Amino acid sequence: MSTRRNFLKQTGAVLGYGSLFQAGIPLFAQNTPANPSFSPSTYMGAASLAARAARTRLPYGCAVVPEMLNVEMDYTRTIIEQCSILVAENSMKWAAIHPQPNTFNFAGADKLLAFAGEHKMQLRGHNLCWHQALPSWFTKTMNRGNAKAMLVQHIQTVAGRYAGKLHSWDVVNEAIHVQDGRPDGLRKSPWLELIGEEYIDIAFHTARQADPHALLTYNDYGIEYDVPHDDQKRAAVLSLLRRMRKRKTPIDAVGVQSHLRAGTQDTIGDGLEHFLQEVRKLDLQVFITEMDVDDSHLTGDADQREAAVAAVYKQYFDLMLRDSQVTAALTWGITNRYTWLNHEHPRKNGDYQVPLPFDSNYQPAKAFFALGEAFGRRKVQSAAPVLTAKVNDAQAI
Ligand code: XIL
């Protein structure tokens with residue numbers, strides 16, 4: 001496929017849902033009434049997920065829709081009760097925060113930052129450079145002549161605004177796509193087409209300069225399973241990370257998205273463990289950034305599917321939490337009432353997915369207990385993880 005067609009395909013694919021999520025309205029909210037007798041502190045005694053994770057010095061939290069905070073109160077209370085770290089599900093992506101070439105919209109991100117501050121939670125930034133969620137002006141405006149400057153300006157403006165206030169930034173998201181057939185595994189994204197591999201370094205250097213305190217993260221999916229695709233992807237991600245280290249690109253962490261699935265034969269084990277070892281050699285932290293479990297391969301009622309989903313949580317977190325370099329854990333949402341899987345990976349029979357720790361009535365689901373128990377089994381970490389980046393490696397581009 002020609003470069004140009006690829007470019008259009010990748011960007012075009014994104015524009016379809018852009019305006020929907022910009023409105024901040026979850027597309028597939030379930031219609032069941034919220035539970036009036038909500039009292040999360042009675043689950044597991046008083047130990048929320050955040051409290052259980054904190055025992056091992058791990059922040060736990062989830063992706064949120066800022067527009068729903070202080071509006072949907074059960075949602076808000078669950079998040080306050082359970083989380084010590086948050087991330088915007090969509091509000092900090094280009095399409096939301098940079099709606100016109102010269103206009104930024106910080107409403108959602110600012111609201112989220114204020115909320116996190118008020119409740120003493122940390123906030124992750126997601127994301128500064130991705131092939132999806134690009135605004136509609138992107139294809140019309142961007143060309144090889146201006147792309148670098150636009151990328152730098154975007155990162156300076158967005159990361160600069162929140163400088164010193166964020167736990168970390170997903171600087172580059174999903175830059176590897178082995179299916180695109182390049183020997184280096186790089187995704188043929190608009191950024192690669194317009195700038196070349198250098199876009200990755202430009203993004204990280206600019207982010208470091210704009211916010212020397214945020215931990216700078218490379219974030220990706222499809223690196224968890226012992227299947228040939230994930231083997232190839234892990235190899236390509238590691239090779240990218242090694243190249244970045246060699247070039248002294250400022251990077252502190254790898255985000256393992258952790259969009260997992262229940263009900264397939266695929267297993268998680270050696271491949272991921274080897275990946276973690278190699279990441280450790282590169283002296284990078286690891287964040288679980290977007291955990292959820294897709295149950296669309298399962299039959300069975302919600303209860304049975306919840307049990308299978310919880311088993312995935314248990315196995316996955318036991319494996320990941322053995323590693324002291326894993327220093328943050330977030331799920332991609334907190335309640336099954338609002339999950340992107342219902343619109344982007346819907347179950348064929350129309351049943352709602354059960355990927356998250358709370359059910360659609362804000363009651364703890366089986367995954368909640370699996371997660372809390374996995375936090376409980378983690379060895380208490382002796383040294384506090386490094387929570388801010390090393391300031392002295394900020395470098396000029
Ligand atoms: C998803 C959001 O959850 C959806 O609401 C949106 O329509 C598309 O993006 N990997 C990522 C996230 O890095 O940003 C994606 O979030 C899920 C996959």
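**A walk through the model**

Let's start in a loop. N127 lies in the loop between β3 (122–126) and α6 (137–141). A cis peptide bond joins H126 and N127, with omega at about -5 degrees. A word on names: helices (H or I, at least four residues) and strands (E, at least two) are DSSP runs, numbered from the N terminus.

Now, the ground rules. This is a predicted model, where local features need pLDDT of at least 70 and side-chain atom pairs count only at pLDDT 80 or more, while totals for chains, interfaces and linings use all residues. Residues are numbered from 1 along each chain as its sequence is written, and side-chain values use heavy atoms, with hydrogens and water left out.

Next, confidence. pLDDT is the predictor's confidence in each residue, from 0 to 100. The protein has a mean pLDDT of 88, and 84% of its residues reach 70 or more. Confidence is highest in strand β4 (residues 168–173), at 99. It is lowest in helix α1 (residues 3–22), at a mean of 34. Over residues 1–42 the pLDDT is below 50, and this stretch has 82 contacts in the model beyond near neighbours in sequence. Contact means heavy atoms within 4.5 Å. Residues 386–397 also have pLDDT below 50, with 29 contacts beyond near neighbours in sequence.

On to strand β1. Is β1 (residues 60–64) enclosed or open? Five of its five residues are buried, so the strand is largely enclosed by the rest of the structure. Buried means under 20% relative accessible area, exposed over 50%, partly exposed in between (1.4 Å probe, protein chains only).

Which strands pair with β1? One is β9 (residues 326–331), parallel to β1 and joined to it by three bridges. There, G61 stands opposite L330. Another is β2 (residues 85–88), also parallel, with four bridges to β1. Here C62 stands opposite L86. From β1 the chain crosses through helix α3 (residues 73–82) to β2, and this β-α-β crossover is right-handed. Two strands pair if DSSP finds at least two bridges between them. A crossover is right-handed if, with the strands pointing away from the viewer, the path from the first strand over the helix to the second runs clockwise.

Last, two backbone angles. S258 sits in the loop between β6 (253–256) and β7 (259–261). Its phi is near 70 degrees, positive in a residue other than glycine. S258 is buried, at a relative accessible area of 0%. Y362 lies in the loop between α13 (341–344) and α14 (366–377). Y362 is not a glycine, yet its phi is positive, about 65 degrees. Y362 is buried, with a relative accessible area of 0%.
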